[in-house]
Structure formats: C-alpha cells, structure tokens
Amino acid sequence: MALTVIAASLLALQLSCEGQLTSRSFSLQDPETWPDCECVSMDGPIKYCGNLDALTEVKREIIDRKCEDDCSPEACQRAFYTMMQHHDGCQAGTFDAIYGVFYHEIEWDCRIRCYEDPAPRTGLDTCEYECDDTGEARNAVSTLEGSSCPGDPPSQECKDAFKTLERYHHVCRGGDRGLLSSYHKFKGEYDPACNPPPRESRSIDCDSAINREAIQGFNGNGPSPEPSTSPSPSPGPPTPSNDARTVGGVSKCALGAVTLAITTMCLAFATPFV
C-alpha cells in the first residue's frame, strides 16, 4: 500500500512540474519561444494599425494599471502583448511614433514577449546589423539630431544615418532602450530602407504548448522570463521573487521532490522486509 501511494505521488509530482520545466525554455531573445500575439492579446488578431483611438486605449490601460510597476496581472500582460503585436506587425506609417516610443519604454518592465509576423515592404533588402557594436547606431542618432537633418529633401547623409538606426531597431531586439526609441522618433521623416529579418514561418495554434503556457501565466503559473541584460536607467535593488512556483526563491517542484524522497526513505526503513 505504501509503495502504491509513493508511486502515485511521484506521478503527480512529475505532471505538476512538466509545465515548469518547459517554461524555462522561454527566452527574451528567441522569438521561437514566444506565444503568438493573436492568442494572448486583448482582441485576437492584429486590427488596430492606423487606429489611434484604439491604441491610445491600450496605452491608457497600461498606464492606469501601473503595469510598469507590476506587469503580472492579466490585464497588464494582455495590454502589453497587444502593444507589441502592433509594434511588430503594423506596416510602416500605420503605427504612430508615440506608441513605438512608449512600447520601448515599457518592454523591460513587462519581461514577456509575443510573436507577430512583421509586415515587410516589397522591394527592400533585409536589415543586417552586428548588435554587439552599438557605436554605429549611436553615431547615426547624433547625425539625425544634428541641425542639418532631415533637410528638405533629406540629404543622403541623413538617409544613411536613418538606415543605420533602422537596421539596429529591426535586428537588435531587446537592445539599447534609447536607441530603439530613437528609431520611432525619426521614422516619420524618412522612407523605410530595409525589412526586419524574416522569422521561421509557423502556423498559429492557440492550443500549442507555448500558447497554453503563456495563458497559464495570467494566473501566475506561466513562464519565468530570463532577466534582462539590457541596461535600464536607475535599476533598483533586487526584489524577492513572487513566482507562485517558488518558495523563498526555491522551486516548489524541488522542495516537493526532496520532501517525497525523505518520505520514501522513511517508509522504506519502517516497512518490514518480507
């Protein structure tokens, strides 16, 4: 009887921990580990490109709920996913700069990501950039902020500087917040110069493991995103984890495994050999 109870306990522990083990595969830098925006946003498929009123409502939801302080509530997560969905998926000219700047201001406060196919422009090359070297992008911002830019019409120097900044924005996801925001400040003055790198094509299945895990996150049981390595202004001291799957920063699964192992040993020694 004791062995039956132990076997059942082991099976329950395994099932309860499977989702948590999967969640550790989430990476801020790897879109293949992100849920589909359509499955986790406020209103399903992308639909607010060019709709300033709707995007303002999404922005207001994030501000009014103080999601920059705590992005764990479901309303905050869905609103952030919706803002990212339109940042990534709207054609150039249909996602106003004010929302692009706002998105980059909060993306490191809401350390979650979702996947939306980018909207490419025909006839443009794919952007390329070596993200470890931000010097070129910083020089581009300095040029664009100079008194000679944009010019009427924009000079070649200004257009080349914008292309450099656009390449950085489209390639270096999760890069320097100031550089990423600067792209949105200037993009209304220049034509698009290159397309975001294509991502691996995938069909949308809201029942997939990745999407189910993100939806579970609305109840505090979803993925634990990796800490950001991107510099952010005035970082405060680390705060204790409030992850529902941990106790004092230790995984509940780990605690459960240790407890079950001790119980098993005690029962084994207490049971008479036959």
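How much space lies in the largest cavity? About 400 Å³.

## About the model

This is a predicted model, in which local features need pLDDT of at least 70 and side-chain atom pairs count only at pLDDT 80 or more, while totals for chains, interfaces and linings use all residues. Residues are numbered from 1 along each chain as its sequence is written, and side-chain values use heavy atoms, with hydrogens and water left out.

## The cavity

Rolling a probe the size of a water molecule over the atoms shows where empty space is left. Here, a cavity is a set of points on a 1 Å grid over the protein atoms alone where a 1.4 Å probe fits but cannot get out, and lining residues have an atom within 4 Å of a point. Grid points are joined across faces, edges and corners, and the volume is the space filled by probe spheres set on the points. Searching the whole structure turns up one cavity of 30 Å³ or more.

The largest cavity is lined by 31 residues, and H87, D88, H169, H170 and P196 are the closest to its centre. Two or more lining residues come from each of α4 (74-89), α5 (97-106), α7, α8 and β2 (194-195). These labels are DSSP runs numbered from the N terminus: helices (H or I) have at least four residues and strands (E) at least two. By class, the lining has 15 nonpolar, eight polar and eight charged residues. Ala, Val, Leu, Ile, Met, Phe, Trp, Tyr, Cys and Pro count as nonpolar, Asp, Glu, Lys and Arg as charged, and the others, Gly among them, as polar.

Now find helix α7 (residues 156-171) and helix α8 (residues 177-186), whose axes come within 9 Å and cross at roughly 130°. That angle makes α7 oblique to α8. Axes are lines fitted to C-alpha atoms, for helices over the stretch in contact, and angles run from 0 to 180 degrees between N-to-C directions. Angles under 35 degrees count as roughly parallel, over 145 as roughly antiparallel, 65 to 115 as roughly perpendicular and the rest as oblique.

On the α7 side, F162, L165, E166, Y168, H169 and H170 meet L179, L180, S182, Y183, H184 and F186 of α8, where contact means heavy atoms within 4.5 Å. Seven of these contact residues are nonpolar, four are polar and one is charged.

## Backbone details

The loop between α6 (135-144) and α7 holds P150 and P153. The C149 to P150 peptide bond is cis, with omega near 5°, and a cis bond also joins D152 and P153, with omega about 0°.

Definitions and conventions
1 Å grid on protein atoms, 1.4 Å probe; cavity = no way out; pocket = protein on both sides within 12 Å on 5 of 7 lines; lining within 4 Å.
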